Amino acid sequence: MSGWEEPFIAQLEEVRNNRGVLAALKRNIGKKYPDFKSGWLVYAGVPNWATDDTKTVAELFALHPQAGGKANLGHSVGELARKTEQAGGSRESVERRFAGLIDADKEDLPYHLRQMVSLLKSKEIPVNWLCLLKDISYWDFDDDKEVQNRWAKGFWLEDK
Amino acid sequence: MSKMDEFNLAYNPWIPCDGKELGLYETLVNSHRLKEIRDASPVVTISLYRLAMALACRIFDLKDVKNWERVWKEGRFDEDAVKEYLSEWADEKHRFNLFDDQYPFYQMKSLESYKENLSDVSGQKNYSVMRIIHELPEQNTPLLFDHTSYEDGVVLTPREAAKKVVACQAAGLGGWIKEIKGDKSTPDAPMASGAVFLVQSNTLFEAIMLNLCNPDWFGEVVWDTSRKDSPAWEKDEEWEAHKGVNAKGNIVYPRRPTGLLDWLTWQSRQLLLLKEEGPNGVSYSVQGSGYLLDGISPRDCETMMAFERDKDSWKAVGFSKDRFFWRDFYSVAKSTSSEERGLKTLLFARRVSDRGLVDKPLTVSVIGLSKKQRNVFFWNREDFSLPQELLMDNDVASVLDSTLSMVSKIGEKLEESLRWFLEMSVNPQVKSMKDKKRVPWKVGANNSYSYWANMEPVFRHFAKTISPIPGDDRVDKVLDEARKIALGTFDLVCGDLSSRTMKANALARSYLEDEIGNITKGREG
């Protein structure tokens with residue numbers, strides 16, 4: 001099914017400034033079965049195989065709802081590395097975290113993403129949520145690691 | 001010698017032509033009806049062509065360009081002339097008998113005393129006829145082409161022995177030869193050191209004629225003109241007259257060829273098949289040092305091989321296990337306009353085409369060995385189309401040259417980026433091409449192999465259909481293909497990614513993309 005990602009992200013952007021909804025989403029972080037009590041988020045139209053991915057993105061969005069994200073997460077983390085270095089911090093530590101992120105398998109990916117998004121929030125670097133949703137949907141699609149490769153280019157080529 | 005022990009190369013069938021075997025006489029007089037000589041061994045094939053060329057050159061005095069043109073226009077070798085010559089030299093003087101009592105063909109009868117050494121097993125091993133066969137191993141070399149071992153030995157029929165003798169003289173490998181007392185080594189035969197370019201057309205006659213170009217027609221004469229030029233089978237044994245000793249005290253036989261006939265039949269070693277009486281084949285032979293070019297190099301005499309600068313000398317262009325030959329072929333082919341470097345047979349083909357004597361596309365078969373000293377890695381034969389446009393038009397040759405140059409540069413940049421990728425994968429501290437932390441990485445395997453393999457059909461098609469029309473987009477298409485293939489090869493080699501290699505991949509691939517862009521825009525990378 002194509003085109004399900006845009007409507008879902010559009011929903012998230014609508015609740016960007018709704019602190020109650022964001023708080024409810026944050027409460028679901030780490031839970032296998034989200035609390036859908038209030039029905040504020042509609043998962044209709046999302047394919048079954050993508051349910052976990054949309055849950056992950058929704059929770060990350062709740063952590064860091066800032067608008068204006070660039071191409072892919074690699075670019076955002078590249079910007080993080082530069083800002084960290086400019087502020088006197090360790091670029092290498094960002095690189096290590098990024099290497100751990102792109103090395104992660106699908107099961108561990110949400111954990112690594114939470115850490116990375118927290119860091120991006122700390123430096124006020126936005127995330128392109130639509131791009132992120134599509135990317136994690138295809139994280140282990142084939143052996144070519146196309147998503148990971150694109151993130152790597154986004155991270156290192158911005159800096160070359 | 002009984003009749004059964006004779007083998008007359010003029011009339012007995014032994015030369016493979018179009019699926020059948022013919023003697024020299026039939027080969028020449030029917031050459032306008034035959035397509036080609038072709039043996040299972042490319043080395044034997046090219047050696048037989050040289051022999052046929054020498055015979056035709058001798059009979060019709062084709063060293064004279066006027067005679068060449070006359071015979072070319074006749075379109076065939078005159079049967080009566082061939083018959084008359086062989087009547088004298090084969091029938092009366094027995095110079096074409098492989099096992100003759102006095103003048104065995106391409107051999108030296110005075111070596112017969114070495115037959116005494118066959119009485120024991122070690123003598124039999126030392127004089128095994130395997131030593132004159134390119135595709136069989138010697139005692140201490142690895143088995144490559146054939147699992148016949150020295151212990152097994154071989155028995156050659158007279159037909160096979162004849163082919164091997166001719167090939168040994170024309171393309172025998174240099175190296176240690178200690179079968180004859182006092183001899184230490186012999187140099188490579190004329191065609192052993194590089195690839196031989198054989199121009200071909202529709203018939204064997206045309207191939208013989210097109211490759212019969214005299215170096216004299218191109219410049220300074222290097223021959224020993226103090227003696228009459230003649231082919232090897234017309235000479236009496238004259239090794240003693242040239243015998244000398246070099247600075248290391250080894251026996252050598254330095255001399256200059258007397259002319260084209262001598263060079264085409266150059267005796268690169270003293271040789272004799274040690275045939276036992278009876279109908280059995282040949283199991284033994286003895287070899288000694290051959291003639292050594294004195295004061296000149298093969299480039300001065302040879303018209304069928306291309307040479308390139310190697311420091312202060314010229315080295316024959318040849319096959320290599322690390323490099324696809326099409327790159328060298330087109331580099332040689334586009335040099336026809338530059339006489340200093342150009343391959344003389346191609347220059348000659350151009351002159352002949354200029355005069356309107358040839359107006360069809362030609363084929364060039366390139367035949368040779370890839371070797372290191374006496375170790376043969378492989379032998380090879382590759383055929384290339386040679387359109388008239390490429391042969392005749394300087395503008396077309398120039399387009400080919402510049403396109404080949406860009407394709408080669410893209411290949412070099414690919415190899416560079418692959419090396420960089422490997423270095424960064426091993427040492428993540430390396431950040432750029434100029435980083436001092438870089439350790440020069442000798443990439444053992446040829447990782448860009450796939451690029452050159454995939455570019456070959458693209459470039460061959462381009463060269464075959466090359467056009468002098470300005471604005472033709474064929475060059476752009478070739479470069480576009482080169483770009484895709486280079487990036488595809490990079491992704492193939494660097495595709496198995498981990499977080500460590502992804503950084504290397506990103507940087508090295510980006511470098512490659514930028515460099516290809518620079519090259520295809522006509523700028524240096």
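**Before starting**

This is a predicted model, in which local features need pLDDT of at least 70 and side-chain atom pairs count only at pLDDT 80 or more, while totals for chains, interfaces and linings use all residues. Residues are numbered from 1 along each chain as its sequence is written, chains are lettered from A and ligands numbered from 1 in the order in which they are written, and side-chain values use heavy atoms, with hydrogens and water left out.

**Stop 1: a sheet in chain B**

Select residues 362-372 and 375-386 of chain B, which are strands β13 and β14. Helices (H or I, at least four residues) and strands (E, at least two) are DSSP runs, numbered from the N terminus. β13(B) and β14(B) pair in the antiparallel sense over 11 bridges; two strands count as paired if DSSP finds at least two bridges between them. In general, strands of a sheet pair through backbone hydrogen bonds, either parallel or antiparallel. To see one position of this pairing, display B:Val366, which stands opposite B:Glu382 in β14(B). Next, find the hairpin of these two strands: two residues lie between the strands, and B:Gln373 takes a positive phi near 55°.

β5(B) and β13(B) run antiparallel and are joined by five bridges. Among the facing residues, B:Gln200 is opposite B:Thr363 in β13(B). Contact here means heavy atoms within 4.5 Å.

**Stop 2: a second hairpin**

Select residues 307-310 and 313-316 of chain B, strands β11 and β12, which run antiparallel and are joined by four bridges. B:Glu308 has B:Lys315 in β12(B) as its bridge partner. Two residues separate β11(B) and β12(B) in the hairpin, and B:Lys311 in the turn has a positive phi of about 55°.

**Stop 3: between the chains**

Show chains A and B together. The contact takes 13 residues from chain A and 11 residues from chain B. How many salt bridges does the rule find across the interface of chain A and chain B? The rule, a side-chain nitrogen of Lys or Arg within 4 Å of a carboxyl oxygen of Asp or Glu, finds zero there. On chain A, select α5 (91-103) and α8 (146-157): each supplies at least two residues of the side that touches chain B. The largest share, six residues, comes from α8(A).

**Stop 4: within one helix**

Finally, display A:Arg91 and A:Glu95, whose side chains meet in a salt bridge (3.2 Å, N to O). A:Arg91 and A:Glu95 are separated by about one helical turn, because they are four residues apart in helix α5 of chain A.
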